[in-house]
Protein chains: 2
Amino acid sequence: MILEIAQLDVKPGMEAEFEKGVAEAAPVFKRAKGCRGLSLQRSIEKPGRYRLFVEWDTLENHTVDFRGSEDFKEWRRLVGHCFQEPPYVEHTKPVNKWF
Amino acid sequence: MILEIAQLDVKPGMEAEFEKGVAEAAPVFKRAKGCRGLSLQRSIEKPGRYRLFVEWDTLENHTVDFRGSEDFKEWRRLVGHCFQEPPYVEHTKPVNKWF
């Protein structure tokens, strides 16, 4: 299991539309190959900044399967117009969860 | 509930020592006021970069209670010497977790 962490900076005033778009996109992730979790967090220090957390079975499920799919275009159609700048995406592997 | 996301860049070659230090520090977080979760992720793209996720009941449980405690010094004693640069810390609020 790997974790995709996407830093998403949203245009001022488009926060509600962005959040609605992510909610609408949830089924897109739900049906994506190897996708195991989807959650959204909003920065306290920078309220226009969000972090989308997506759990995938493998790195390639995100970078190859999802990004190469029609559903990736659907995801971008739903939220892409809200982005202030291109998303900054990282992937991580769990070391441990203590509690 | 808020989420602390700490970006921790570790000195080359000190990754194992850092991970051991976080494991040793888990009881420090476990007993901290309002602390509800602790997990560590390691970047795939930048293997010296970690993200520590700490769940707190309130922002002040982290910024006031924990940072002002003796246990914060203990945390830094256990891992501080592994840091390549000062930690970059953000706090977020959950918008939603869909699955």
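Predicted model: local features only at pLDDT ≥ 70, side-chain atom pairs only at ≥ 80, totals over all residues.
**Entry 1: the two copies**

**Entry 2: where the chains meet**

Next I looked up the contacts between the chains. I found 27 residues of chain A in contact with 27 residues of chain B. Which elements of chain A give two or more residues to this side? They are β1 (2-9), α1 (15-30), β2 (35-43) and β4 (88-97). The largest share comes from β4(A), with eight residues. I sorted the side of chain A that touches chain B by residue class. It divides into 12 nonpolar, seven polar and eight charged residues.

I also checked whether the chains use matching surfaces. Of the interface residues of chain A, 100% are also interface residues in chain B, so the copies meet through the same surface.

**Entry 3: a strand pair across the interface**

I followed β4(A) over to the other chain. This strand pairs with β2 (residues 35-43) of chain B. The sense is antiparallel, and there are five bridges. Which residue of β2(B) stands opposite A:Pro94? I found B:Gln41 there.

**Entry 4: the layout of chain A**

I stepped back to a single chain. Chain A has three helices and four strands. Read along the sequence, the pattern is β-α-β-β-α-α-β. The C-alpha atoms of chain A fill a box of roughly 35 × 35 × 20 Å along the principal axes. The radius of gyration of chain A is 13 Å. A compact globule of 99 residues would have a value near 13 Å, so chain A agrees with that.

Two more totals went into the notebook. Buried residues make up 26% of the 99 residues in chain A. Among contacts in chain A with a separation of 6 or more, 74% are between residues 24 or more positions apart.

**Entry 5: strand β3 and its partners**

I turned to β3 (residues 49-56) of chain A. This strand pairs with β1(A) in the antiparallel sense, through eight bridges. Here A:Ile2 stands opposite A:Trp56. β3(A) also runs antiparallel to β2(A), with seven bridges joining them. In that pair, A:Leu40 stands opposite A:Leu52. I also noted that β2(A) and β3(A) form a hairpin, with five residues between them.

Then I looked at the side chains. In a regular strand they alternate between the two faces of the sheet. Which residues of β3(A) point to the buried face? They are A:Tyr50, A:Leu52, A:Val54 and A:Trp56.

**Entry 6: A:Val22**

I picked one residue from helix α1 of chain A, A:Val22. Is A:Val22 buried or exposed? The cut-off for buried is 20 or more other C-beta atoms within 10 Å. A:Val22 has 23, so this residue is buried. Leaving aside neighbours within four places in sequence, A:Val22 is in contact with A:Leu40 and A:Val79. I also checked A:Thr92, which is 70 residues from A:Val22 along the chain. Their C-alpha atoms are separated by 21 Å.

**Entry 7: B:Phe29**

I moved to chain B and its helix α1 (residues 15-30), where B:Phe29 is placed. B:Phe29 counts as buried because 21 C-beta neighbours lie inside 10 Å. Beyond neighbours within four places in sequence, B:Phe29 is in contact with B:Cys35, B:Leu38 and B:Val54. How far is B:Phe29 from B:Phe66 in space? The C-alpha atoms are 8.7 Å apart, and the two residues are 37 apart in sequence.

I looked up what they pack against.

Notes: Residues numbered from 1 in each chain as written. Chains lettered and ligands numbered in written order. Contact = placed C-beta atoms within 7 Å. Nonpolar A, V, L, I, M, F, W, Y, C, P; charged D, E, K, R; others polar. Pairing = 2+ DSSP bridges. Buried ≥ 20, exposed ≤ 12 C-beta atoms within 10 Å, placed from the backbone. Rg over C-alpha atoms; globule rule 2.2 N^0.38 Å.
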